Amino acid sequence: MIIQWFHKFGGGLCAPIDASAGREQLEKRVNVKKLVSAVSMVAASALVLSACGSGDSGDSNAEDFLGCMVSDSGGWDDQSFNQSGKEGLENAVKNLGIEEKDAESQGDADFKPNVDNMIQAGCNLTFGVGFLLEDAIQEAAEANTDLNFALIDSTFSDADGKPVTLDNAKPLVFNTAEAAYLAGYVAAATSESGKVGTFGGIQIPSVTIFMDGFADGVKKFNEENKKNVKLLGWNKEKQDGSFSGDFENQGQGQALTKQLISQGADVVMPVAGPVGLGAAAAAKEAKDVKLVWVDSDGYESTEYGDIILTSVVKQIANAVEDTVAEAQKDNFSSEPYVGTLENEGVGLAPYHDFDDKVPEDVKKKVEELKKQIIDGSLTVESESTPK
Amino acid sequence: MTTDISPAAPSATPPPSAEAEPDREPNLLQDILSGSWLVSVLAIVVALLLGGVLIAVSNAEVVAAAANIVAAPGMFFSTLFSTVGEAYSALFRGAIFDWDARTTERAIRPLTESLVSGTPLILTGLGIALAFRSGLFNIGGQGQVILGATIAGFLGYALHLPPVVHMLIAAIGGIIGGAIWAGIAGVLKARTGANEVIVTIMLNSIAGYLLGYLLKQSWFTHTDSANPQSRSLDDSAQMFLLLPSPFRLHFGFIIAILATIFVWWLLERSTIGFEFKAVGANPHAARTAGISVSKVTILVMIVAGALAGLGGAAQVLGTEYKLTGGISGSIGFDAITVALLGRSKPLGTFFAGLLFGAFKAGGYLMQSQTGTPIDIVLVVQSVIVLLIAAPPLVRSIFRLPTPVLKRKEA
């Protein structure tokens with residue numbers, strides 16, 4: 001910026017170079033080195049290794065579609081959105097025959113370089129997972145208008161937090177409040193102690209939206225049945241409640257759940273990715289405490305199926321696969337994808353082991369509420385609803 | 001620079017010289033710091049070899065070829081070498097020079113990316129190294145980086161000042177933030193004798209949660225966004241780029257060079273630096289010589305924290321332009337490794353910071369192009385530390401003489 005003459009300098013250098021010639025030279029030089037003593041032999045062979053490897057970046061056929069994904073610091077095995085997103089990409093590889101590349105970030109400083117590498121690798125469509133990647137994806141989308149991008153679980157906004165739309169970047173967001181509403185209703189209906197609980201990982205919109213929906217579902221049950229089931233751990237009006245502080249510390253999840261149980265809660269919904277496993281351990285230890293899992297169907301994804309009443313499912317994998325399919329057919333639109341009950345982007349998982357313990361009239365009522373939400377006669381409101 | 005200030009020999013063989021204190025306890029820190037540069041280099045080589053083994057083991061093709069090793073040994077070795085070679089070649093291309101890149105700019109960009117990643121590591125590493133030289137285990141780099149980044153970032157979007165002035169004020173804010181945070185540990189150590197290791201570690205957690213709390217307060221973040229992140233910095237507060245836009249190399253790297261020179265001057269040429277080293281070498285002797293150990297302890301921590309805070313400021317003002325909960329990444333902890341690898345010498349720390357910056361930058365390309373797990377880079381780094389912390393291990397692997405013998409010969 002300040003050193004303007006560098007522009008000239010840099011611009012003049014911008015010519016394609018003959019890469020293979022350079023590599024040959026390097027190999028030759030290294031071969032000479034191979035003759036020396038033991039220690040330098042080690043060093044030299046390391047150099048040979050590094051010199052004779054071949055990158056695979058240039059080989060890809062122009063017709064091949066390359067779908068890429070960059071995680072946030074949770075990594076691909078976070079039992080939450082990174083994992084679901086990756087699953088979607090893998091399904092796309094299987095079902096749509098695309099190629100994929102992925103990069104795990106270990107910290108916030110990794111986002112921009114990782115996204116940049118995807119652009120360099122020639123990714124047609126690059127996904128960023130989580131709101132932390134918003135800036136990296138937004139910058140990349142603005143600088144590379146010929147490539148497509150998508151952001152999972154967050155929309156794009158400017159410095160003031162006002163939403164913005166980009167022509168080549170699609171936000172994939174989920175109105176999980178709708179499904180959590182149903183879960184709240186079921187939880188309240190099946191609670192014997194008259195108290196249900198919830199806690200989150202970090203107080204961010206994609207977490208509190210579950211808790212808002214859950215709170216309203218409990219409220220709905222109370223109104224309809226003249227009951228007074230209490231919700232612990234979240235106050236929707238004040239937007240304040242219990243949070244474990246991160247998406248990693250299972251011990252904290254266990255401690256918070258024990259607290260909720262000791263206050264009388266017998267249904268708990270942890271909204272904290274893998275921290276929920278700590279909650280499950282605490283619930284298992286206590287007698288007759290049920291869990292509402294989130295993101296995936298916990299009956300299948302965890303080993304705590306026997307205490308999982310139901311799950312608030314967020315179909316990230318499907319949304320990712322659909323977005324890839326669209327882009328592959330040259331049909332990409334930057335129109336936000338909002339997962340709802342209507343398009344089955346969010347939903348309530350089956351009751352599995354609790355199927356015969358949930359009363360028929362409750363099941364019927366849940367189906368009815370679901371219909372009402374879908375046809376619009378009932379709206380679930382949350383401050384965090386994606387707009 | 002030689003190991004002039006660390007007269008301690010490995011605990012097993014007390015130095016025969018007359019100046020040696022008879023009651024001197026074996027000092028792990030001094031033992032680590034007195035190792036030769038050769039041990040550092042060999043540690044890196046061993047770590048890379050071990051990393052190669054892990055790359056091979058984590059690769060499905062190599063494992064498949066290994067199952068067939070009896071039938072087709074040649075196949076196994078060619079797969080093995082091509083896999084490991086590809087991974088390390090990608091690491092090299094991501095860190096130094098990318099001969100597969102499409103444009104010249106892109107080909108030379110990796111080197112500048114290594115410098116970008118290295119900048120906060122060098123600054124924070126210098127802070128850790130300075131404390132090491134004065135006999136203090138400053139494990140609080142992380143907290144000092146967070147505080148530095150927090151204050152620098154806040155000043156960067158809360159104030160609106162002309163360019164350069166704004167950046168300098170924000171950077172000074174970062175220096176002060178880090179200095180205060182480390183100063184707390186220094187005062188506690190000097191006044192009450194509280195162990196600086198424990199205090200600085202605890203301060204790391206406090207800093208992390210403090211930032212987490214602040215990012216939820218709209219008066220602090222200056223944005224309506226409900227996500228825990230701040231407003232973006234004003235352009236005037238950003239550290240200006242040294243090269244035009246596709247490059248990210250920024251003024252922070254110049255600051256890192258200046259800081260390296262400053263720490264060298266402080267330790268080798270200034271009176272106060274002599275006192276720092278004297279206290280580090282032997283606090284009892286320093287006290288007898290009339291040096292106020294508690295004053296030095298506080299001062300060392302303040303200067304160390306200021307450097308680490310500057311590292312945090314460089315991160316937020318130079319590359320991230322925004323405060324998030326993870327702004328510090330693992331800089332504070334990587335910097336400890338950097339300081340150890342650099343033998344706590346300013347120049348050594350500088351180059352160790354560059355090496356780790358190169359690992360970081362190269363790791364991105366290695367992961368995205370060859371699918372090698374990024375954790376391999378972490379393992380390589382960790383093995384380097386492990387070997388450096390145990391110089392006798394490296395010496396026995398390579399059958400090197402012990403440093404005492406070497407010194408006698410010299």
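How many helices and strands does chain A have? Chain A has 13 helices and 14 strands. The model is predicted.

## Confidence

The predictor assigns the complex an ipTM of 0.82. The pTM is 0.81. In chain B the average pLDDT is 87, and 90% of the residues score at least 70.

## Chain A overall

Chain A has 387 residues, and 51% of them count as buried. What share of its contacts between residues at least 6 apart in sequence join residues at least 24 apart? The figure is 68%.

## Strand 5 of chain A

Strand 5 of chain A covers residues 169-174. Six of its six residues are buried, so the strand is largely enclosed by the rest of the structure. Ala169(A), Pro171(A) and Val173(A) point one way from the strand. Lys170(A), Leu172(A) and Phe174(A) point the other way. Both sets are buried, Lys170(A) included.

Which strands pair with strand 5 of chain A? Strand 4 (residues 148-152) of chain A pairs with strand 5 in the parallel sense, over four bridges. Strand 13 (residues 337-339) of chain A also pairs with strand 5 in the parallel sense, over three bridges. Leu172(A) has a residue opposite in each of these strands: Ile152(A) and Tyr337(A) in strand 13.

## Helix 13 of chain A

Helix 13 of chain A runs over residues 360-375. At 1.5 Å a residue, its 16 residues should span 22 Å. The end C-alpha atoms are 23 Å apart, which agrees.

Which residues of helix 13 of chain A are buried? They are Val366(A), Leu369(A), Lys370(A) and Ile373(A). The buried residues of helix 13 pack against helix 7 (176-190) of chain A.

The other side of helix 13 holds exposed residues. They are Glu360(A), Asp361(A), Lys364(A), Glu367(A), Glu368(A), Lys371(A) and Asp375(A). Just after helix 13 comes Gly376(A), with a positive phi of about 90°.

Conventions
Residues numbered from 1 in each chain as written. Chains lettered and ligands numbered in written order. Predicted model: local features only at pLDDT ≥ 70, side-chain atom pairs only at ≥ 80, totals over all residues. pLDDT = per-residue confidence, 0-100. Helix = DSSP H or I, 4+ residues; strand = E, 2+ residues; numbered from the N terminus. Buried ≥ 20, exposed ≤ 12 C-beta atoms within 10 Å, placed from the backbone. Contact = placed C-beta atoms within 7 Å. Pairing = 2+ DSSP bridges. Expected span 1.5 Å × (residues − 1).
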